[in-house]
Amino acid sequence: SFTNGNFQLQLASSTNTGFGLLASTNLTAWTNLGWGFTGTNGTLLLTDTNAAHFPRRFYRAYWPLP
């Protein structure tokens, strides 16, 4: 979802699964936005607080964490 200039992505998996989130404006150069682990409900919410600064941005979630 996109709210107040922030992009939020919700991932679902089993409890305590680690995911990372990358962002790109051109699908070639990727920037690490952060990482986290799913909670006891199996979900993880990742937020890009800089999304409004880019006219176009792509996202890629990855698993497992290195």
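Predicted model: local features only at pLDDT ≥ 70, side-chain atom pairs only at ≥ 80, totals over all residues.
Before you start: residues are numbered from 1 along each chain as its sequence is written. Local features need pLDDT of at least 70 and side-chain atom pairs count only at pLDDT 80 or more, while totals for chains, interfaces and linings use all residues, and side-chain values use heavy atoms, with hydrogens and water left out.

**Exercise 1. Work out how many helices and strands the protein chain has, and in what order the elements run.**

Step 1: Helices (H or I, at least four residues) and strands (E, at least two) are DSSP runs, numbered from the N terminus.
Step 2: count them. You get zero helices and six strands.
Step 3: read along from the N terminus, and the pattern is β-β-β-β-β-β.
Step 4: The C-alpha trace spans about 35 × 25 × 10 Å along its principal axes.

**Exercise 2. Find the strand order of the open sheet, and say which strands stand at its edges.**

Step 1: recall that two strands pair if DSSP finds at least two bridges between them.
Step 2: trace the partners. Three strands line up as β4-β3-β6, with antiparallel pairing.
Step 3: With direction ignored, neighbouring strands are turned by 20° against each other on average.
Step 4: zoom in on β3 and β6, which are joined by five bridges; Ser-24 sits opposite Phe-58 of β6.

**Exercise 3. Follow β2 to its pairings with β1 and β5.**

Step 1: start with β1 (residues 2-3), which is antiparallel to β2 (residues 6-12) and joined to it by two bridges. Thr-3 has Asn-6 as its bridge partner in β2.
Step 2: inspect the hairpin, where two residues lie between the strands and Asn-4 takes a positive phi near 50°.
Step 3: move on to β5. Six bridges link β2 and β5, again antiparallel, and Gln-10 faces Leu-45 of β5.

**Exercise 4. Identify the residues of the largest nonpolar core.**

Step 1: set the cut-offs. Buried means under 20% relative accessible area, exposed over 50%, partly exposed in between (1.4 Å probe, protein chains only). A nonpolar core joins buried Ala, Val, Leu, Ile, Met, Phe, Trp, Tyr and Cys through side-chain atoms within 4.5 Å.
Step 2: list the members. Leu-11, Phe-19, Leu-21, Leu-44 and Leu-46 are the five.
Step 3: β3 (18-24) and β5 (43-48) each contribute at least two.

**Exercise 5. Classify the aromatic pairs as stacked, edge-to-face or tilted.**

Step 1: apply the rule. Rings of Phe, Tyr and Trp (its six-membered ring) pair if their centres lie within 6.5 Å; planes under 30 degrees apart are stacked, over 60 edge-to-face, the rest tilted. That gives two pairs.
Step 2: take Phe-7 and Tyr-59. Their centres are 4.2 Å apart and their planes at 10°, so they're stacked. Phe-7 belongs to β2 and Tyr-59 to β6, so the pair ties together parts 52 residues apart in sequence.
Step 3: take Trp-35 and Phe-37. With centres 5.8 Å apart and planes at 85°, this pair is edge-to-face.
Step 4: check exposure. Trp-35 is exposed at 55% relative accessibility, whereas Phe-37 is partly exposed at 40%. Tyr-59 is partly exposed too, at 23%.

Key
Axes fitted to C-alpha atoms, helices over the stretch in contact; angles between N-to-C directions.
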